[in-house]
Each structure stands twice: as C-alpha cells, then as structure tokens.
Protein chains: 4
Amino acid sequence: MGDKSVQKKKYIMEKARNVFCRNGYRAVTMKDIVEACDISRGGLYLYFSNTKELFEAVLAEEYAGEEAVLEKARAAHATPGEVMLVYLDEQKKRILRKKDNITAAIYEYLFENKPAKNDNPVKKLFQENVTALEKLIADGVEQEWMVCEDAAEAARNIAYTMEGLKISAQTIGVTAEAVDREIEYIMGTLGMVVK
Amino acid sequence: MGDKSVQKKKYIMEKARNVFCRNGYRAVTMKDIVEACDISRGGLYLYFSNTKELFEAVLAEEYAGEEAVLEKARAAHATPGEVMLVYLDEQKKRILRKKDNITAAIYEYLFENKPAKNDNPVKKLFQENVTALEKLIADGVEQEWMVCEDAAEAARNIAYTMEGLKISAQTIGVTAEAVDREIEYIMGTLGMVVK
Amino acid sequence: MGDKSVQKKKYIMEKARNVFCRNGYRAVTMKDIVEACDISRGGLYLYFSNTKELFEAVLAEEYAGEEAVLEKARAAHATPGEVMLVYLDEQKKRILRKKDNITAAIYEYLFENKPAKNDNPVKKLFQENVTALEKLIADGVEQEWMVCEDAAEAARNIAYTMEGLKISAQTIGVTAEAVDREIEYIMGTLGMVVK
Amino acid sequence: MGDKSVQKKKYIMEKARNVFCRNGYRAVTMKDIVEACDISRGGLYLYFSNTKELFEAVLAEEYAGEEAVLEKARAAHATPGEVMLVYLDEQKKRILRKKDNITAAIYEYLFENKPAKNDNPVKKLFQENVTALEKLIADGVEQEWMVCEDAAEAARNIAYTMEGLKISAQTIGVTAEAVDREIEYIMGTLGMVVK
DNA sequence: CATGAATGAGAGTTCATTCAT
DNA sequence: GATGAATGAACTCTCATTCAT
C-alpha cells in the first residue's frame, strides 16, 4: 500500500470518527461513511470491508499514544499530588466533553464485541491507568504527601469511579460540579486537599 | 383493552426482554420480537408500534418495584453495617449476572434517547439509591458503626463506583474477586471490616 | 333484514359518503370506514364486503330521486327560459361545491369500473338530462322564447359543457366567473339574455 | 448523472407510462413499475423515489412539445376553417383512443394533487389551447370564414366541451358518432359546415 | 485505484379478512 | 348481530455488497 493509500485511509478514519461520535456504533452504515467522506461506495470498500473493521481502526488510533498520559504527567510535574490533580482534571475534561466524544460508540462496540482479553485496548488502558495510579499513590505515600493503606485498592477504586462518571455522563447526565465533588472526595480519602 | 390483552402485552414484554438481553437495543428488530413471541407480524403492532415503545415498556416494568430495594433492606435488618452489606451484595449479583442481563441494552437505549430528566427511570433509581445510602451512612455514623465525615459524598462515591463496575462488566470484564475487592475497599473507607 | 339493520346500513352509507368526499374512491380503506362509523371491523363486513360494494350503494342513493330535477323545474316554473336558468344555476352550485363533493370519487370509481351500460347511473342521469334539456329547448323554440335549429344537438352540447366544467373544477380549477361566462354563452347561443 | 442514466430514466418512464395507462394512478405500486421495467427493486429507487415523482416526470414528458399543436396547424394550413377541423380531429382521436390513453391516470393524479397554479401542466395546456382557439376564431371572423360575436367566449366553450367529451369517454363512454355530432355543432355555431 | 449503477435481502408498516366469543 | 384480536399478504424503502468500466 502506497503512501497515498495510507493518507486516504487516515482521511476516511478521521471522517468516520466524526460519524461515530455523532451516531454511535451500531447505527452507523457504510452509506453514512461514504457520504461523510464524499467518496464512492466502491472506493470505501477498498480500504474497509465493514463498519466493524473501520471502527476497530478508529479505536486503535484513538488509544495509540494515549497510554502514557499519566506517565508523562509524572515526568513533567514535581509532586505526586500535582500529578494526581492533573490526571483527574484530564479525566474530568473527557467525561464532560460534548463534541467529538466517541465514548458511547466505544461502549456500544464493546457490548457486542468482547475482544479477546489482550486485544481489548480499552481494557489495556484501564489496567495501565490502574498501575500508574498505584505507583503514583505509592510515591505519594512514601514522600508523605498522601495517606493510604493499600495503594492498589485505592488506584482501582479511582479507576472504577472514573468509569462510573464516564458512563453516567452518557446516560443519566453528570454536571461539572458532580465531577468536582468526586475528585475532592478521592483527594480526601488520600488525605489531600484541593485548593 | 381487556384483561386478555393485558396478559398478552405482558407476554410480549417478557419475550422481548429476553431478546433485548441477548441482542441489546439497537440491533433488535420487530421481526426478532415476532419470532420470539411466535405471533404474527401484524399481531405485534396491535400492542407496540416500534422497538422503542416496546423497550420503554420493558424498562418501566424493569424498574417498577425496584426502587425500594435499599429501603426494604433497612427495614429488615438490624444494623446499618448489615444493610450496607446486603445492598452491596445485591449489586454484586447484578454486576456479575450473565443471563437475563439487560444492562447493555439499557445503556444503548440511553445513548440515543436522553429522556427528559424526570422521565429517566435509570436516573431516578440512581438518585434514590444515593439518598438511601446517605441515610444509611448517617445512621451508621450516629450509631457508631461507621466513620465518615460527609455521608452525602460517600454515598455518591459508592454509587459511581457501582456504576463503574456495572459498565466494566459489560465492556472490559470484571471478576467476582474484583467486585469483592471494591466492596472491601468501600467498607474500609467507612471504617468497617468485611468478615 | 330487520328495520334496525336497514337503519344501520343507512348510517354506514352516510358516514362512508363523507369519507369518499374527502379521500376519493381508491384511497379509501375498510379501516377508514370503520373508524368514521366508530363500529367494529367485523361489524362493517356484516353489511358491506368491500369498498366497491359500499361505494355502489352510496352512488345509487346519490342518484336516487335526483333524476327528475329538471322535470320538477319544468313543472314549477312558467317559462322555458326560467327553467333553463334554474337548471344551469343548480349545475353551477354542484360544480363549485367545495364540501361534500363526491364528484372526484365517482369519476375514480368509473375509471376502473365501467358498469354495464344500463347499470351506470351516471350515464343514465346524463341521458335523462339530455332528453329533458331537449324537450325544454323544443318548448322554448315553439313558444318563441328561444332560437335553435336542432334542439337535440344543443342539449347534448350543454350537457358536455357542464361535464367539462365539472371535471375542470376537480382538476385545473374553475372560478365562479368562468361558470357564469359559460352559462351566458349557452344562453346566448339559444338567443336568450341573462339579466 | 451520465448519458446512460438519462437513457435509463427515459426507459423507466416509458414502461411506467404503460402501467399508468393500464391501471390509473393511485393503484400503481413501485412493484408494478419494477416488474414492467424488469429491473431490481432498489434499482428503480435510484431514479425515482415514489410513484408521484415518477408520474410527474411522465406527465411533464407527456405535455412537453404538445403545447404548440394548434400553432403548428395554423402555420401549416391555409384557412382558419381547415385549422379548426384539424384541431378538432386531433381532439377526437385523443378522446376515442383506447390503448395508451393516460387521461384517467392524469385526472386521478390531479384529484389528489392540485399542483400550484403554474406547475399544473394540464391547466397550462388548457389555457394555451383557449388562447390559440381564440386567435384562430378571430382570424376566421376577420377573413369572413366564420361568424362569431365573442371569440374568447366561443374558444372557452369549445375547450370545455372537449373536456366534457374527454371525461365522458373515460366514464360513461362516448361513441365516434357522438364526438362527430359535437364537432358539427361547434362548426355550426361558428357558421361553418363540415363536408 | 476509483467509480457509481445495480442487485436483492430484509426491515418497517398497513390492512383486508376471518373467526372465536 | 356485534366485537375486536389475530393473521398474513403486500407494499415501501434502505443498504451492504458486487462488478463492469
């Protein structure tokens, strides 16, 4: 596949992502994609055979490079407390994002496609986040910025709470204040205070 | 609509519920329902005009009578700690249930239909649970079974954690052990211990 | 069939007539009739087996007693000129009637059902009108109210002109002025003047 | 849409016209057209979205180029009397045509679709015919071939008479003799004689 | 590579008609 | 007589997918 082909593939994925954000996963048809890309029906099939294949490509792209968000924050900031706040703030932004939010589509995709354990990028990211949070908390405790008996348990709890907020935002609605309260609560359990 | 009609409506809803549990919300067609019910195409339309209407009926039924689970537990059990455990155990069962689990379908439905605030039974139940948990924790603190600075915040956090586990079970998978660990962690933050 | 049955049949025909006036012939379904009559589906079938049968009953009723309009006018009025004017005025009313106008439905019915010559009430009425007009003109000429070489030809022409106005009213639209002009023209060819 | 597409559109319209001639307007389904054209269900929808759209295309085609019939006759013939006869003869042919007669379908279409004044090709043609007839009669009078006090009124009356014959042919039946008699009568009112 | 016309399977929906009550 | 639930045929319309150009 030539360079031009790669470019076109990227182009299709980009347009398709918009469609998935707008319409979810299941409701999206190849026709929708074709129209969004303004290419020919047959043309699309040269690159992707169905919406599943296309969505998986979009999903992989989505998660590429995203793994290390927390790690980067650790490198860039002085104290574990600051890193934690940066991380939670990033989560908040994603939870509340209105436009370009592909969350619902991802959930829909996962409902009918439980990828083999190691092929599930969502699961992979979840676990990486848990691991990173755990290290962060362990560091925080060691440096006496935080108080926590079991860093692993706390990390997992934070991750599940964030998941709960994310899905709630897509279903029953969540206000910015509600997210803030959760962040404060989490900080509180770690013996920290948000200014 | 006579008594027999009501019976038939219930029958259709029951069969339809199975289909929704198996196939989610969006993928279900009127034909699927017709086949599951073993009735005629036109027959179904006498009762429900489309899958949305049918799903909403199933959803309402699903949540009818379910509101007071926690309240009942409070009435039936001696100590707040016991009630809390009963509640969390019930949640665990639902999170891990393999068959007859309509959770994914509900989420899918909510993704494309954000019901008006007060018409959203899922939201209503969420809020009732938060309220009941808050009372429970307040009682527990008063009776010196629990330790908690802010019952409302703790209640909300428990609710979001449960939501996180529920959606994770439908997407990235959750083991019984993982749920248990979360329950233990929650109990721990309330100063309690699971035997 | 008892008296009550006859009453009900009339009731159905009356309601059905409204439906035919509103929706034409072909577009009308048994369901439409059932709803307009507020009776049961099965109930309607006790009286009429399909819309054709029902429409034919309505049509027969429509034309019953109507045959002699012109004859009656002849009996009631002094001069042939007056009778002619009364007749043309009655035609004008029918041509321009907005509500309760079953004309289009009748045409539609006749398009797909060419009844055997003698069963066609529309044809029968047309011919009766021609005959009556002919007599009227003959009288008018004899009494020197009118001028006409061939009463039969003039009568037929008037009848076709009225048909032309009737169908035009249902298709391309006809104003009251247009009808008046035609009436004046006809009177003119008969050597008469409309005041 | 390329040249081939235009060809196919024409092809569909031609086949559809046959169907409309046979079955009228309302009774025709997309399925009927598909079968008459021997193309696929979906294929038809590439060109026309429903029977109304298709019929309107057929109707437009039907009336395209037809407007000037009378004008052409004026150019090609010597005397107004001859032109008038040619026109009335053409009308006669149309009135009596058995096969390929789309008249009833057009009426049916107009019954339920009263197009905006200027979009109604039937009305447009009617008015053009009236205008052309008027000019013709005025010429005839000037050249002393005809006798007529008011050319406009006479023209309108001829047009409505033709309409009357056309609808009668589709409903109560009209013989060739009946049409001839009307033509003779019209010629007579204009002071002319048919040989 | 790219196009877009064409196919045909299948979903949604409506109604004429029947029949047990 | 009267009801209205139930059936199933028929119709509309949309798309995934193919294929000649």
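The legends below describe close-up views of a predicted model.

In this predicted model, local features need pLDDT of at least 70 and side-chain atom pairs count only at pLDDT 80 or more, while totals for chains, interfaces and linings use all residues. Residues are numbered from 1 along each chain as its sequence is written, and chains are lettered from A, with ligands numbered from 1, in the order in which they are written.

**View 1. The two domains of chain A.** The domain assignment, which is automatic or comes from a database, divides chain A into domain 1 (3-61) and domain 2 (65-189). The C-alpha centres of these two domains of chain A lie 29 Å apart. Where they touch, 9 residues of domain 1 of chain A are in contact with 9 residues of domain 2 of chain A, a contact being a pair of residues whose C-beta atoms, placed from the backbone, lie within 7 Å. On the domain 1 side, α1 (3-23) and α4 (51-63) of chain A are the elements that give two or more residues; helices are DSSP runs of H or I with at least four residues, numbered from the N terminus. By class, this side has 6 nonpolar, 1 polar and 2 charged residues, where Ala, Val, Leu, Ile, Met, Phe, Trp, Tyr, Cys and Pro count as nonpolar, Asp, Glu, Lys and Arg as charged, and the others, Gly among them, as polar.

**View 2. The side of chain D that touches chain C.** Here 31 residues of chain D are in contact with 30 residues of chain C. Two or more residues each come from α7 (103-112), α8 (121-142), α9 (151-171) and α10 (176-189) of chain D, and α9(D) gives the most, with 12 residues. The chain D side divides into 12 nonpolar, 10 polar and 9 charged residues.

**View 3. The axis relating chains C and D.** Chain D can be laid on chain C with an RMSD of 0.1 Å by a turn of 179° and a shift of 0.0 Å along the axis, the copies being superposed by least squares on the C-alpha atoms of residues with pLDDT of at least 70 in both. That is the relation of a two-fold axis. In chain D, the C-alpha nearest the axis belongs to Gly164(D), 1.8 Å from it. Because 97% of the interface residues of chain D are also interface residues in chain C, the copies meet through the same surface.

Definitions and conventions
Two residues are in contact if their C-beta atoms, placed from the backbone, lie within 7 Å.
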